[in-house]
Each structure stands twice: as C-alpha cells, then as structure tokens.
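User: I'm new to reading structures and would like a close look at one part of this one. Could you walk me through it slowly?
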Amino acid sequence: MASVNGFEPRIVAFLCRWCSYAGADLAGTSRLKYPPNIIPIRVPCSGRVDPQWVLEAFERGADGVFIGGCHPGDCHYVSGNYKTRRRVVLLKKLLPQLGIEPERLRLEWISATEGQRFAQVVTEFVRELKELGPIVAGGDALRVTRDGQVQIER
Amino acid sequence: MKMNGGRNVRPGGGKDMEGDMSSPTSLTETRHSSPVPRRDAKPKLAVYWTGSCGGCDVSFLEVGEAIVEVLSRVEIVFWPALVDAKRSDLEALPPGSIDVALINGVIRTEENAEMAKLLRAKSKYIVAYGACAHLGGVPSLADRWGKEEIFREVFGKGFRPGPPPGANGEAALPDLLDAAVPLEDVVRVDYVVPGCPPPAPLISRFFGALLGGEMPEPPHVFANVKALCEECQRVRHDDRRIERIVRPHEVLPDPETCLLEQGLICMGPVTRGGCNALCPAAGMPCTGCLGPTPEAGDPGTAMLSALASLVRFEDEGEEYFPKEDGVLEALADPLGTFYMYSFGRFRRKR
Amino acid sequence: MKKLFIDPITRLEGHGRILLILDDDGKLKDAYLQIPELKGFELFCRGRRGEEMPQITERICGVCPEAHHLASAKCLDACYGAEVPGPARIQRELFYNVYIFSDHLLHLIFLGGPDLLLGADAEKAKRNILGVLEAYPEFGKKVVRVRAGAQKILEMIGGKAIHPVFALPGGVAKPLSEEDRAAVEEKAKAMVELAQDLVELFHEKILPDPSFQGFLLAEELNFPTHYMGLVDEEMAPNFYDGALRIVSAEGKEIYHGSAADALELLDEHVETWTYVKFPYLKEFGWMGLEPGPNSGIYRVGPLARLNVAERMATPMAQEEYERYLDFFEGKPVHSTFAYHWARLVELVQAAEAVMALSREPALTGEDVRGKLGEPGEGVGVIEAARGTLFHHYVLDTDGIVTYANMIVATTHNAAGIGLSVKAMAKHLAEDGVWDETLLNRVEMAFRAYDPCLACATHFLPGEMPLSVEIYGSDGKLKKRIMR
C-alpha cells in the first residue's frame, strides 16, 4: 500500500516470545496481509526491553517503535509486563522533550492466539505513522501539558 | 561536523572508561607507557578551562590548607585563572613536556577544541576534570539546539562572529561548535576526576595518587564504582516502594529516611559515590553530578527503569494502573531530571 | 601598524583576550577586550522545573554561584508569591554575606591582589598566589585557613560550597542546627579578625605604593560614569536585598525604587567582535564606548555600591568608608583602581554582618518554608560581589520554566571594563615600548573590576539592530556600519 508521497515508515518491533511474537507468527502462518514495515526483534519478555533501545532506535532513524507484551495477568514471568507498561508511560514523557511525538512509541498486549489482532494493530500503526511523517528527532522540543495537549516549545 | 574521530558512541556508554579511547585529529601525540612521576619528582602541571563556569578552577581550594602543600609540590606551567603564562608560552613548550594537564569545561567553541588539542600534544596525561569535561555538563543541555538557534535567541537574526574593527580581519571571535561536547570527543582522555565541581575527597584522591607516585593505569575514573546509596547516611528499607512523586518545594522531608522512598527523585542509585552524599545530607536529592556508575551506563534510562520498578502499590495488576499512572504523571521534566549533567554525552543529536 | 595580543587574559574568571592596535610609531590606536565565550543558558532553561533553577543557573558561574543561587531563589519567591519566613531569610542572608567575604577575599589574594601585594613590576612567574605565599608566608596561610573556614560555613548551610543546593521557592531546604550555628559563630570571629588584618595590610603596603597611587589618581583612569546598586532603608549597601538606587556621574539620584521595575530603564548594544553585550541607560542612549555624564554607560560592583550608598551598614566598615571618602574628597568616586579599596570596605562589612547574623536567635528556627501560591512570573535581584544581578522567569501552571533571562554584574560593567582597558593602554602608551610588565598593567585595568566573564555572556534576548563602530586614534567615532 503506497503512501501519498511515497513515505514508508520503518518500525522496530520488540515482541515477547511467549505472547506477541507467537501472535505475529500466527499472523504469518495464517497468511494475513499487513504492511511489511516492521523489523521484529524477539525478546524473552517485554520487560526485557531496555528504554535505551527505544531511544536508540529513534536516534538511528526508526519512525516508530512497537512493543508487544502479554496481557496483564498473563506474563510468563508474572510481572514483567507491568514494568514495561510503567516504563512506556515515562518514556512517553521523555520523548517529546527530545522532539519525538509520543505516538511513535506504541505498547500493545497481544496474545499468542491473536494473529488477527496483530495484523490489525500493525496496519493501524503504519497508517498513523504515515500521517505523522518521517521522524525528525531533535526538532522543535514538544511539551505534553497536564491536560494531554502536545505543544511546540517556543 | 563529526567530533569523535569516527568512534561510534556506545549507547550503554560510561563503562568506566574502558574500551576504545583512541584520539582523533590531534597534533603530535606522545603516549607514554610509564606511570606518572615518582614520589620525589615535581610534576609539571597545567590547568585549563574551556567552556567553564570557573567552579572547577576554584574547587582546588576546597581541600583547604592542604592546597598549600600541593602547590609547593608541583610546577605550574599554565593556569590562566591563577598564573600569568600566556598561550604563546604554552605553544613554546616541547611536546609531552607537561606531565599532567587538567582540563575542565565543555568543548563549546572552536577555540576550546584548539586548546584541548594543543594541551593534548604538550602533555603526557590529560585529565577530564569536572562534569562538563567528563559528560558535557549543564551547558550541554543546549545540545537540544544547534548554534544557529543559540545565536538567534541571544543576538537576534543575522549575527555572525567577526573581528574587531581596525584589526585587518584578524582576531575574529571564535565560532561556536554546533554542539557542546565532552572532552573525549576531541582528544584522548587518560583520567577523569568527576563532579560539579569535583568534591574535595576526590581531589585529594587524585593528588594523593599523583604526588605519591601511585597513579593507576589509564583510563581511570577517580570516583567510586558503587552507587551513592552505599555511602548515603539515610536509611533505606528493603521493601521500599514509591507511592508518590513529589518535588523538593512541596515537602519537608524526614531527615533520616531515603529521599527516593519519600518520593523525591534522587539520582543516587545510578550515580557514582565518592562525595560523601553531601546533597542528601543537606536535605536535597542527588542530581547525578559524578556521572553514572559503570553498571548504570546511561543515567537517564537507568533511572527511568528504576522508577518504573519502584513505583507500585502493595500489589500489581490492572486495577492499579490508574493509581500508578497518577504517580508517574507527577514526574516533571524527565530530561532535566535525568540528564542534568550528561545530556552532551548521552542524548545529544548526532 | 602593529597588533599586540594578550591571550589569554589571566587571573580573573573566564575567557578573554585583549587586542591592542598600534600605529607605526608604537602609539596606541585602539584597544579591544574580546570575550570569546557563550553558553546560551536562556535557551536551555526552558522546560526545566522552576525549583531547579537555583542549581541550574548557578552553573553560569562557579566563582559566584551563591549569587545566582539566591537571585534565582528570590525570583522564585516572586514567581510563587511567597513570603520567606524569618529563619530561612536569616539563613540566606548569613550564607550570602559569607559568600561576599569569600569571593572578595579570593580576588584580593588570588586574582587581582597579587599585582598590588607584589607590585606591578613583579616577575611574571611570581605574580600570583604562589608569589604571595612566598612573600607573606604566615599571612598567606592564614588567608587560606580563614577562607577554608568560610567555605565550610557555606557547606554547612548550603550543602556544598561551590554550587550550593539549599535554596527553594519560599525558603530553604532545612533548619540549621544549634551545633552548626555555634560553629558558624566561631568561624565568623576569624573572618572579622582577618578583615582587620587586611585593612592594616592595605594601608601599610598597598595604598602607600607610588605605582598604585599613580593608577588610583591617573586622569585617564578616572573617567565618569553612572552607578547602580542595592541599598537598605538606611541607604547602606545590602548585598542580599534592598531598593535599587542609580546615581548619575555627577552624584545626582536618577532612580530609587523597586529593583524589578528598574529593568525597564535598560537597553543593550551588540558588537560582532565580542560575545558580551553592552547594557546602557535608555535615558541617555548609546553614545558609543564613551564615558561621561551624557553617555548611557553605568557601572556596578564595589565602586558603584559605595557611590550609591550614604553610609555602610556596620561600624568597622563605616570607619574604613570614611577614610576612603576622605582620600577621594567626596563622591562619586570614579577611579578604576578604587574598586580594590571599595572591595576591601565591603569585605569588612560582610565579615561584621556574618558575626551579627550568626547570633540571631531565629537563625536556628524550624520555620523554613513559606507558603506558595500559584506559579507565575517573577524577578529576583541581588548584589553579586561584582555587582547587580537580575533573574527573571516565567513559570507555567506546572511550575515549569517557559522563559528565563539573567542580567549579570559583569555585563553591566562590560562597557566600563572596555573603557578602563583602553584608558590604561593610553596611559601607558607614551613611550611606545610594550614589554611584558606593561602588558600586565593593561590587564590590571580589568582586574580591578574582578570580572566574571562566564557570567557576562548572558543577556536580554531580542532583536537588536547591529552596529559596528570604528574609533580613530583620537577616540572619536569615525564610522558606524548598521545592519
């Protein structure tokens, strides 16, 4: 699916092996169509995702970063995904200060049986990123105010 | 403009200065394998400031009366804050004739970079002294913007540095570099004495080693490898959690308990010790000036992870999400909190 | 045409170079003091938490961090509409006077002082603290010891001596213990004693020196400017707080009122050959780098404070002030080198103030935090060792900085310093022989101001028209290029 000006977002996707990676596999074996913009990286748990990797992915030009974890309560390591969730909350506060729209980071709970959902979510994410445009990290600093508005600083 | 001579920046960085420290574009460089002067020798010392505030130069006096002895046991060949040697005197020195040059300040202008390289060529050992030389320091917070934006903000549109009238084009004002960078991005650094400014115990540690003929093999950082928490006097509880995040002017903290437990964002867990935890003793959270522990790597993402782990209630689960979010929301200015001294080293755009 | 470069200038805080342009006969054509540093604090302070500003802005200067720390705190007090309770106020004021003492002492012994204590003709290698320690071994050690004691007080109250951490909007971090208070009082005694020793030394060694007297009274070095400083209700200098008073070159009061409002009276001028800008009084306009009662150039710092005051706040300082005014036969005193003497008078007042404040019972009080209102805009003003310092912030509803501007002492003095350097170069240029000691004397002209050049590269942001001005050897404006 070509975008209006030919921009194809590149997404780094950290997928936990117990749930979301299996879900992505299922999408594949089910021959579900979804945009090929993701670079999947398998991790043992979404809680393994170091915030450093997220920032580095953006610094190296990723237009979006996707983290797939197990549904709350289903984490193979009991509470890994709870840490992930809180890390993403904090990352979304830091990203605008680096000039990166917080929507470029997306966390989803996807189980091993949710192949359909995986395809759907990726399709949605690619569409959103096409609208946001390519990443310009280090551009005008953005601020997310208390009521959730994203404003350009200065 | 690539300032690091092609060396890739390690994202997890700060591994106690191990790894590749190769210097880029310096002039004639002499690398001496023998340790710094024997006990009886009077080492030749240079102290120089680049993009500094002057605090590092004054910091030497914080060792108190011991400074008199230190000064008598070194030969100062160049130190603009205190003695009248000029740049031409420095240029006239033979390469490698200075035993140790302590350079403080962030590399902000072309002149700063030139002087750093000049000192590198004239010195056996270079010490990155203070947070700016080590990590970029507070001024490296400007690295969110390039030099054009700085000029525009400060002087208005169209400002270009130039020479004074009547000087025939000479003596032009040195241009800013596009980013304020740590010293290691410009020259090979042998030692680091960290801090903003380096605290007296670490200054003593350094001079004790230098004058005692016991300098460790470079590269070496003169600070603890363990985090500040190890030496902080405050009491930490094993089952600690953070159930609220507050800012210093919002609370009068209990003087005995860990500040992080009380909801103040203290960078202690990811910061090197060696300063006797002065700030927590004064009732204020550590802001991370000694730089990250080798274990932590990037202090910002390390602290972010730490907070994500510590912010929780008596149990975890979907029903706690809104409460957790309420706490996390109160973290103001993560960038300034996490990278107050180290933005230049870890997060500047490249 | 010949160019002489003094690079770098030494024994001050910050980077600077002096360029002397001579004609073929060795006569001085022009002199420029160039400041090649710039950091852009006003830019990166945006987005920061307001309460961190005392710790962020003090990194503008590590020689006077206390000045920024407390100017920032006062600005935050205003932003939050907070009233600082007694114990916090006394902690701040005591701390601040210790800082003034220590900073002035640093200058007298380590920076500008060596030229006076060892003579302007002292050998280059000795013209520094090492030379002072050699020539005055016992006294030198005493200075180091007393200064260490003062720094210890700063650590006790401020957390750290360099880059303190204790000031917050509406107050300070924590109460001071009785144990610490007693230690402060003990150290204060040593400070007052040293102040007396310094006065004695000044009158025995420095003032009688014919070279020094020569500089003190030289016509070129006595050019008139206007003066600015904070005064208390008795019209005595107060470093921590007060009303702003501006006095003209002829000694007439131009302004006496709120320091925050006084910002309206100032404007600035830019040159492309230096990163420092030149503020001036709008009322007179920018007449170029020219002194005089009709020029907008004004000065701050010890010389200025003693000109805008009518008396000193403490007895020993008052005594020395009277000797000072006697010598110059009244005020305003315009002499560049009088800065050194004025600095000494202030050092005495600071020591006496520390003594008095250390005995205030409220100093150990528990009430150290004033009530905070909603965050907004505010201005804080203080007298740094080098002169008047303004901090101006706008905070949003979350207490985050959206705008910050700092106008520092040495910036106010930028034009004055330039004029003194030029005047000194002219004064020395008669025989046209430029050797190293002569060049050092040119440097002595800026050292009198105890400049802080890291501080000085901070200014009002804005869209000022740029003008480049070329002066002839007669000091008259030859050409002005506008952009």
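Which side chain meets B:R348 in a salt bridge?

Analyst: Some ground rules to begin with. This is a predicted model, in which local features need pLDDT of at least 70 and side-chain atom pairs count only at pLDDT 80 or more, while totals for chains, interfaces and linings use all residues. Residues are numbered from 1 along each chain as its sequence is written, chains are lettered from A and ligands numbered from 1 in the order in which they are written, and side-chain values use heavy atoms, with hydrogens and water left out.

Now to your residue: the side chain of B:R348 meets that of B:D185 in a salt bridge, at 2.7 Å from N to O. (A salt bridge here is a side-chain nitrogen of Lys or Arg within 4 Å of a carboxyl oxygen of Asp or Glu.)

To place that pair, look at how chain B is divided. An automatic or database domain assignment gives domain 1 (44-221) and domain 2 (224-350) of chain B. Taken over C-alpha atoms, the centres of domain 1 and domain 2 of chain B are 30 Å apart.

What happens where these domains touch? In chain B, 24 residues of domain 1 are in contact with 21 residues of domain 2, contact being heavy atoms within 4.5 Å. Between domain 1 and domain 2 of chain B, about 1700 Å² is buried, and carbon and sulfur atoms give 63% of that. Buried area is the accessible area (1.4 Å probe) that two parts lose on being put together, summed over both.

As for the charged pairs, the count between domain 1 and domain 2 of chain B is 2 salt bridges. The rule also finds 6 residue pairs in polar contact across the interface of domain 1 and domain 2 of chain B, both residues at pLDDT 80 or more. (That takes a pair of N or O atoms within 3.5 Å; within protein, one must be able to donate a hydrogen and the other to accept it, and residues adjacent in sequence count only if both atoms are side-chain atoms.)

On the side of domain 1 of chain B that touches domain 2 of chain B, α5 (131-135), β6 (176-181) and α7 (200-211) each supply at least two residues. Helices (H or I, at least four residues) and strands (E, at least two) are DSSP runs, numbered from the N terminus. By class, that side of domain 1 of chain B has 14 nonpolar, 5 polar and 5 charged residues. Ala, Val, Leu, Ile, Met, Phe, Trp, Tyr, Cys and Pro count as nonpolar, Asp, Glu, Lys and Arg as charged, and the others, Gly among them, as polar.

Chain B also touches chain C: that contact takes 84 residues from chain B and 96 residues from chain C.
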